Amino acid sequence: MNRAYLAYAGRRLAQAAAVVVLAYVFTFIVISVLPGDPVTNTLRNPENGFSEEEIARITAYYGLDQPVWVQLWQSLSRFLVGDLGISMRSNLPVSRLIAEVLPSTLVLAGTALLVAVVLALAIAYGTQRLPRRYGQGVLRAFPSLFLSIPNFVIGLLLIQVFAFQLGVFRIIDPEGAWATFFAAVALGIPVSAQIAEVLIAGLDHEARQEYATVARARGLAQAPLFLKHLLRPSSLPVVTVLALTVGELLGGALITETIFGRTGIGSLVQRSVSTQDLPALQAIVSLAAVVFVVVNLLADLVYPLLDPRVKLVGPAARRATTADDRAAEPAPRQEALVP
């Protein structure tokens, strides 16, 4: 790794940290201005069963009797050291509540990402393999179709067909293998549209290059040409798209979990909003922002390593480029001195 890349990585790390802090501050401010008093609505609610001693302890812990900027500083300081606070609804650590439901959401999002990638690869390969009439027409229309249908509509259709009519899975067992698969399909189909569009554009560009023409002239079959020559250079922009789809996967998972009755981050968000459990809601939104920023940071750091043609922007990169340009310039010609 050269100095230009290390400087680029340092800048991106600093920017990512700043984005996470700003996202936390923005979320805290938005939640703080919500109507209602959390002490009255939550802590003093007879259904929650908090004693006066517990109410006083939670109030002092969060500084609810202090100005908003003091509450923000205390909350941000705890978040930076990994303390997500205590739930106002259950009086349990928020980290424990999230740990109980996070595996289900991760399984759903991971399976949906796998479904999206496989579906996008199949569509992209079909556009290059099938005759022009089908590859250019029907298959190229699939991404636009997938993108125009919300995932909750796809989920309801899958439940109607495969659960009620065919009986492949049962609604009363939402954590089962088949139920998880169809929930992932509902979540992955809209995500696959973006991946497929970028991949198809890259394949079309690479297929017009001279090396692809030479490979076809030498009798190379379409499948080896696709796997060995066209796929790798066409997949580089997909890295960026995959990082951007993480936010869509997280947001879509909340809706998909509700439709399929799964217990995950979505159900925890619903409970937190309905009971005005501000610490839990703050922690979930902040962690989602952290995941999104970290994934995009990794994509930004990996992309220059995958594609050496990417130019790193920054003072160090400009100095390195200038030095390389000077080294590549021919040496000035020395004129002979004529007495």
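Predicted model: local features only at pLDDT ≥ 70, side-chain atom pairs only at ≥ 80, totals over all residues.
Residues are numbered from 1 along each chain as its sequence is written, and side-chain values use heavy atoms, with hydrogens and water left out. Local features need pLDDT of at least 70 and side-chain atom pairs count only at pLDDT 80 or more, while totals for chains, interfaces and linings use all residues.

The pocket, then. On a 1 Å grid over the protein atoms alone, a pocket is an open set of points where a 1.4 Å probe fits, with protein on both sides within 12 Å along at least five of seven lines; lining residues have an atom within 4 Å of a point. The largest pocket holds about 460 Å³ of space, the volume being that filled by probe spheres set on the points. Its lining has 19 residues, and L102, T105, L250, A288 and V291 are the closest to the centre. Helix α5, a DSSP run of H or I with at least four residues, gives the largest share of that lining, 7 residues.

Next, salt bridges: a side-chain nitrogen of Lys or Arg within 4 Å of a carboxyl oxygen of Asp or Glu. The whole structure has 4. One of them joins D300 and R12, with the closest N and O atoms 2.5 Å apart. D300 is in α12 and R12 in α1, so this pair ties together parts 288 residues apart in sequence. R12 is buried at 16% relative accessible area, and D300 is partly exposed at 25%; buried means under 20%, exposed over 50%, partly exposed in between, with a 1.4 Å probe and protein chains only.

Note on methods:
Helix = DSSP H or I, 4+ residues; strand = E, 2+ residues; numbered from the N terminus.
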